[in-house]
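Reader: I would like to learn how to read a model of this kind, going from the whole fold down to single residues. Could you take me through it step by step?

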Amino acid sequence: MTPTDPTPHAPHVPHPSAHDRAPGHSHGHSHGHSHGHSHSHGPATPVSAHLRKVIAAVLVPFTVAVVAGLIVLWPGGAPPHQHTGVGLDQQLRSGQVTKIEKFDCPKSGGLPGGPQPGPSAAPAAPAQGTCEKATIEVTEGPDKGRTFTEIVQPSASRRYDVGQKVVLAYAPKAPENLRYSVTDVDRDFPMALLAGLFALAVVVVGRLRGVFALVALVISFGVLTMFILPAILQGSNPLLVAVIGGSAIMLIALYMCHGLNARTSVAVLGTLTSLLVIGLLGSVFIDWAHLTGNTDDQTGLVHGLYPQIEIRGLLLAGIIIGSLGVLDDVTVTQTSAVWELKEANPSANWRKLYGSAMRIGRDHIASVVNTLVMAYAGASLPLLLLFSIADSGVGTVATSEIVAEEIVRTLVGSIGLVASVPVTTLLAALVVSADRHDGGGKGRARARGGRRRRAK
């Protein structure tokens with residue numbers, strides 16, 4: 001894959017480079033000022049063929065290695081099915097609430113008439129207050145039209161409404177009166193509506209690039225579900241799978257959204273370098289802190305069903321994949337900033353570009369790191385509440401494995417993000433300041449200059 005320029009997103013007339021005009025020439029300055037706004041939406045200014053070859057010499061072998069890794073590690077078939085025992089693999093049917101009856105809960109906790117509390121009811125002490133008896137109709141399958149009842153106690157977190165669609169668990173080997181139970185509510189419509197609003201907002205604001213971003217998102221999700229997860233379940237090294245799958249997602253998303261050009265290639269190089277930093281730091285500190293990765297029920301269940309999965313590798317793989325999306329944002333933003341600064345001031349050398357872009361990058365670092373920490377804190381909020389209830393000291397909480405794992409995940413990812421700013425900015429400043437007017441480039445510049453003169 002050889003980066004080519006310019007990208008075909010929009011017609012664009014780049015400025016002549018600083019070497020194509022005498023220093024201090026007023027024509028160059030006026031063009032740099034009058035066209036400043038158009039560059040934020042146009043493609044990157046072309047770089048020389050020689051520089052494109054240098055970038056390709058790095059990225060082509062990397063891309064070939066990623067493709068080879070996908071081929072070698074691609075799962076040969078579906079992993080063997082394992083019964084989880086937590087309801088994730090049970091047969092499901094659709095149902096609908098057809099009737100709600102309220103009655104006073106018996107003080108003894110017994111429920112007259114035979115119906116027992118459903119899964120949404122709290123199996124606590126005798127109920128006090130008003131209970132509800134929900135009549136549920138099966139709306140699909142061989143028992144379509146059949147009804148059953150479930151009792152909802154006052155302490156239940158889930159409540160039902162008439163007409164509400166629900167998801168039923170079907171146990172064909174159970175007694176006839178116990179074959180169906182409500183396991184969840186049907187959220188298909190609100191989830192689909194929210195996804196539609198998201199897609200609409202992206203397309204309306206991002207236009208063609210928004211469409212490309214959505215396509216890249218679908219492909220990324222496909223890589224995750226069709227390669228990363230099945231390959232890990234079949235026993236492949238989670239870290240290797242995450243590196244190859246994450247690299248494939250990075251290449252597809254960045255080049256599809258931002259075009260096959262030198263600017264995107266610099267962002268790819270910056271992202272790759274930062275992922276290497278995250279992988280090395282994560283590996284060192286997971287070993288040093290003696291983290292097992294087996295800190296919650298889900299991880300323990302996965303390890304019990306698939307003992308061949310290396311749980312510590314799974315932890316490191318999660319850190320890499322979790323950092324990838326934010327890294328893309330940082331590297332693309334920094335690369336674009338350098339390119340725009342060069343367009344605004346064509347005479348600036350790489351040192352001046354680096355210094356100016358780093359001032360932007362420092363603001364970016366502050367906001368992104370805070371965002372990352374708050375995201376992890378929000379996801380772990382119930383856990384933090386439990387520690388608060390236990391009145392544990394800060395040191396005890398921070399060094400317990402379940403919290404230390406999140407701290408390592410957050411700080412390793414943040415270090416990678418911080419490192420990506422100077423690395424990507426330096427690469428972009430060097431590339432955009434390099435010689436970009438070989439013979440072919442001069443010919444193209446003269447041709448563009450002739451077209452501009454004729455247009456005038």
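Reader: What share of the contacts in the protein with a separation of 6 or more is accounted for by residues 24 or more positions apart?

Author: Please bear in mind throughout that this is a predicted model. Residues 24 or more positions apart account for 75% of the contacts in the protein with a separation of 6 or more.

Reader: Let us turn to pairs of helices. At what angle do α3 and α4 pack, and which residues make the contact?

Author: The general idea is to read the angle between the two N-to-C directions, where a value over 145 degrees counts as roughly antiparallel. Helices α3 and α4 pack at an angle of about 165°, with their axes 9 Å apart, which makes α3 roughly antiparallel to α4. On the α3 side the contact includes Phe-212, Ile-219, Val-223 and Phe-227, and on the α4 side it includes Val-241, Ile-249, Ile-252 and Met-256. By class, this contact of α3 with α4 has 18 nonpolar, 4 polar and 1 charged residues. The crossing of α3 and α4 is right-handed.

Reader: How do α4 and α5 cross, and how do the residues of their contact divide by class?

Author: The axes of α4, residues 238-258, and α5, residues 262-288, come within 10 Å and cross at roughly 155°, so α4 is roughly antiparallel to α5. The crossing in which α4 passes α5 is right-handed. From α4 the contact draws on Met-250, Leu-251, Leu-254, Tyr-255 and His-258, while α5 contributes Thr-264, Ser-265, Ala-267, Val-268, Thr-271, Leu-272 and Leu-275. These residues divide into 8 nonpolar, 4 polar and no charged.

Reader: Which way do α7 and α11 run relative to each other, parallel or antiparallel?

Author: An angle under 35 degrees counts as roughly parallel. The axes of α7 and α11, the latter spanning residues 401-433, come within 8 Å and cross at roughly 30°, so these two helices are roughly parallel to each other. Their crossing is right-handed, and by class the contact of α7 with α11 has 14 nonpolar, 10 polar and 3 charged residues.

Reader: Where is Ser-414 placed, and what does Ser-414 touch?

Author: Ser-414 is in helix α11, and its relative accessible area of 6% makes it buried. Apart from residues up to four places away in sequence, Ser-414 touches Val-369 and Leu-372.

Reader: And what is the exposure of Asp-329, and how far is its C-alpha atom from that of His-364?

Author: Asp-329 lies in helix α7, which covers residues 311-344. With a relative accessible area of 39%, Asp-329 is partly exposed. The C-alpha atoms of Asp-329 and His-364 are separated by 9.9 Å, although these residues are 35 apart along the chain.

Reader: Finally, I would like to understand backbone angles. What is phi of Arg-207, and what is phi of His-290?

Author: The general idea is that most residues other than glycine have a negative phi. Phi of Arg-207 is near 55°, a positive value in a residue other than glycine, and phi of His-290 is likewise near 55°. Arg-207 is found in helix α3, residues 188-233, whereas His-290 lies in the loop between α5 and α6. Arg-207 is exposed, with a relative accessible area of 64%, and His-290 is also exposed, with a relative accessible area of 64%.

Key. Residues are numbered from 1 along each chain as its sequence is written. This is a predicted model: local features need pLDDT of at least 70, side-chain atom pairs count only at pLDDT 80 or more; totals for chains, interfaces and linings use all residues. Side-chain values use heavy atoms; hydrogens and water are left out. Axes are lines fitted to C-alpha atoms, for helices over the stretch in contact, and angles run from 0 to 180 degrees between N-to-C directions. Helices (H or I, at least four residues) and strands (E, at least two) are DSSP runs, numbered from the N terminus. Angles under 35 degrees count as roughly parallel, over 145 as roughly antiparallel, 65 to 115 as roughly perpendicular and the rest as oblique. A crossing is left-handed if the near helix is turned anticlockwise from the far one by less than a right angle, and right-handed if clockwise. Contact means heavy atoms within 4.5 Å. Ala, Val, Leu, Ile, Met, Phe, Trp, Tyr, Cys and Pro count as nonpolar, Asp, Glu, Lys and Arg as charged, and the others, Gly among them, as polar. Buried means under 20% relative accessible area, exposed over 50%, partly exposed in between (1.4 Å probe, protein chains only).
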